[in-house]
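Subject: Handing over a structure, with notes

Dear colleague,

I am passing this structure on to you, and my notes follow below it. Please look through it first and then read the notes alongside.

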Amino acid sequence: MRAVLDPKDWAAFRALSHAALDDAIDYLEHVRERDAWEPMPGDVAAALAEPLPLEPTPLADVYRQFVSSIFPYNSGNIHPRFFGWVQGAGTPTGALADMLASTMNPNVGGRNHGAVFVERAVIGWFCELFRFPPDASGVLTVGTSAANLIAVLVARMKAMPNVRATGVTNEPRLIGYASSATHGCVRRAFEVAGLGSDSLRVLPTDSLHRIDPAIVARAIAEDRAAGYHPFMLVGNAGTVDVGAIDPLNDLAGVAARENLWYHVDGAFGATAVMSPSLAPKFAGLERADSIAFDFHKWIQVPYDAGCLIVRDCLLHRSAFASTPNYLTRMPRGVASAQPWFTDFTIDLSRGFRALKVWFTLKEHGSLAIGRAMEENCRQARLLADLVDADHNFELLSPVQLNIVCFRYRRAGMSESELDAFNDDLVIRLQESGEAVTSSTTIGGRRAIRVCIVNQRTTDDDIVQTLDALKRLATFA
Ligand SMILES: Cc1ncc(COP(=O)(O)O)c(C=O)c1O
């Protein structure tokens, strides 16, 4: 019998889909009424480890199982009091766009169809925002980890033009530079690129977690004297722990003088250029050779969607392009519309990520998204003021953007007891369902880390979160 996977009864499918859409909209409209995080019960998790379904299950039953066993146990980042890690909250429109993208289901590796032109348009908008030339290249990625890796591969290509044929010969050894506050994915990119993490000089930061350009210049000189080949400098536009912004303009000067590829990891921070009042903090970003950033963080596009833009389109392309026979490009027809996105990344098959970005930007405009970012920065300052004013807490780093790192303190506790207490406090807050923060280490001390990249957060949410921490700490 021929297996047709489309609905046999379109009317029934339509009815169920409409009900599911209503459930999804209710879910988002009433997100505030639920806990910020609800742990998944063991039996519910275990029940999902079913054997491979060989035979069909009615769609209504599958949907029922989703509603009871999966839907309630979300990671929490859509909730207004979720402040863990750096996780955007998304928007209902982004979810709608995702559904429409899957409906079209195009493969955006290349060829001539609407999705390709949407992705090009989105990349063009961000070249404009970052003041990159209009002929710069770009590609949407899973996230900034992938974008940083692609940047390292492009920089490697510039330093070793034959690397695609020869592999990494590392003679002389290529060396990159970044601060100790740099996200771990940059180090991993060096590992994956075959350069090795020893080839990334991890340089100290100042009291505000920023790299010192003079130290970078010194390290480069030492490496040259030792016979190495300095090739790449990575700046941060918003570090993951505290949101520090490296002196991007000075770093651009060092990179230009030393002929280094200048890459900026702007995962969440760089996108704050959407706010005219925050943009000046990122002066010098426009001088980068490449910028990695995410839509799924502060721009509130649903997961996953990151991006890399590269000033030198030809070099970017040369690092990845190849044309096996079955992918021959044609002057007309489906296989036209060069260049293809697969020429700028490691993927051939790619989904229509750009549609949810396009919808989000079109619906709200970059200025409104920038205003939401300004609000988050103001809320971070509000929280820092509340922490400062409360003798139970102490701030562990000044607020520079949208992140507050602090800890609970209690007289008589040793440093290691305070570390353990604060880690446990973060877990108990998560388990209470009132709010979610994450933890990190600042200056050797364990910190409660509140990262506000959430368009749903209100000032009351900030106050409530600190109150909950205080209550949980007091009754510990
Ligand atoms: C500064 C920075 N770089 C890179 C990343 C990794 O981004 P992604 O999770 O999109 O891969 C993050 C994630 O929080 C980050 O904050």
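A residue is called buried here if 20 or more other C-beta atoms lie within 10 Å of its own, exposed if 12 or fewer do, and partly exposed in between, with the C-beta atoms placed from the backbone. By that rule A447 counts as buried, because 26 C-beta neighbours lie inside 10 Å. Please keep in mind that this is a predicted model, in which local features need pLDDT of at least 70 and side-chain atom pairs count only at pLDDT 80 or more, while totals for chains, interfaces and linings use all residues. Residues are numbered from 1 along each chain as its sequence is written.

A447 sits in strand β11, which covers residues 445–451; strands (E, at least two residues) and helices (H or I, at least four) are DSSP runs, numbered from the N terminus. If its neighbours within four places in sequence are left aside, A447 is in contact with L396, C405, F406, R407, N422, S439, T440, T441 and I442, where contact means that two C-beta atoms, placed from the backbone, lie within 7 Å. Between A447 and G238, which are 209 residues apart along the chain, the C-alpha atoms are separated by 18 Å.

Next, the ligand. It is surrounded by 14 residues, of which the closest are G143, T144, S145, H183 and A267; a residue is taken as near a molecule if its C-beta atom, placed from the backbone, lies within 6 Å of it. The shell around the ligand is made up of 5 nonpolar, 7 polar and 2 charged residues, with Ala, Val, Leu, Ile, Met, Phe, Trp, Tyr, Cys and Pro counted as nonpolar, Asp, Glu, Lys and Arg as charged, and the others, Gly among them, as polar.

Now to the helix pairs. Two packed helices are described by the angle between their axes and the distance between the axes. The axes are lines fitted to C-alpha atoms, for helices over the stretch in contact, and the angles run from 0 to 180 degrees between N-to-C directions.

Helix α9 (residues 213–225) packs with helix α10 (residues 248–258) at an angle of about 20°, and their axes are 9 Å apart. This makes α9 roughly parallel to α10, since angles under 35 degrees count as roughly parallel, over 145 as roughly antiparallel, 65 to 115 as roughly perpendicular and the rest as oblique. The crossing of α9 and α10 is right-handed, a term used if the near helix is turned clockwise from the far one, whereas a crossing is left-handed if the near helix is turned anticlockwise by less than a right angle. From α9, the residues P213, V216, A217 and I220 meet D250, L251, V254 and E258 of α10, and this contact has 6 nonpolar, no polar and 2 charged residues.

For helix α5 (residues 114–129) and α12, the axes come within 9 Å and cross at roughly 50°, which means that α5 is oblique to α12. The crossing in which α5 passes α12 is left-handed. On the α5 side the contact is made by A115, V118, E119, A121, V122, W125 and L129, and on the α12 side by A354, L355, V357, W358, L361 and S366; by class, it has 11 nonpolar, 1 polar and 1 charged residues. Helix α12 also holds R378, which counts as partly exposed, with 14 C-beta neighbours inside 10 Å.

Helix α1 (residues 10–29) packs with α3 at an angle of about 10°, with the axes 11 Å apart, and the two are therefore roughly parallel to each other. L16, A20 and D23 of α1 make this contact with L59, A60, Y63 and V67 of α3.

Finally, some backbone details. Most residues other than glycine have a negative phi, and most peptide bonds are trans. W85, although not a glycine, has a positive phi of about 50°; W85 is in the loop between α3 (59–69) and α4 (92–104). H209, also not a glycine, has a positive phi of about 70°, and H209 is buried, with 23 other C-beta atoms within 10 Å. The peptide bond from Y303 to D304 is cis, with omega near -10°, and D304 belongs to the loop between β6 (290–294) and β7 (306–310). The bond from Q338 to P339 is cis, with omega near -10°.
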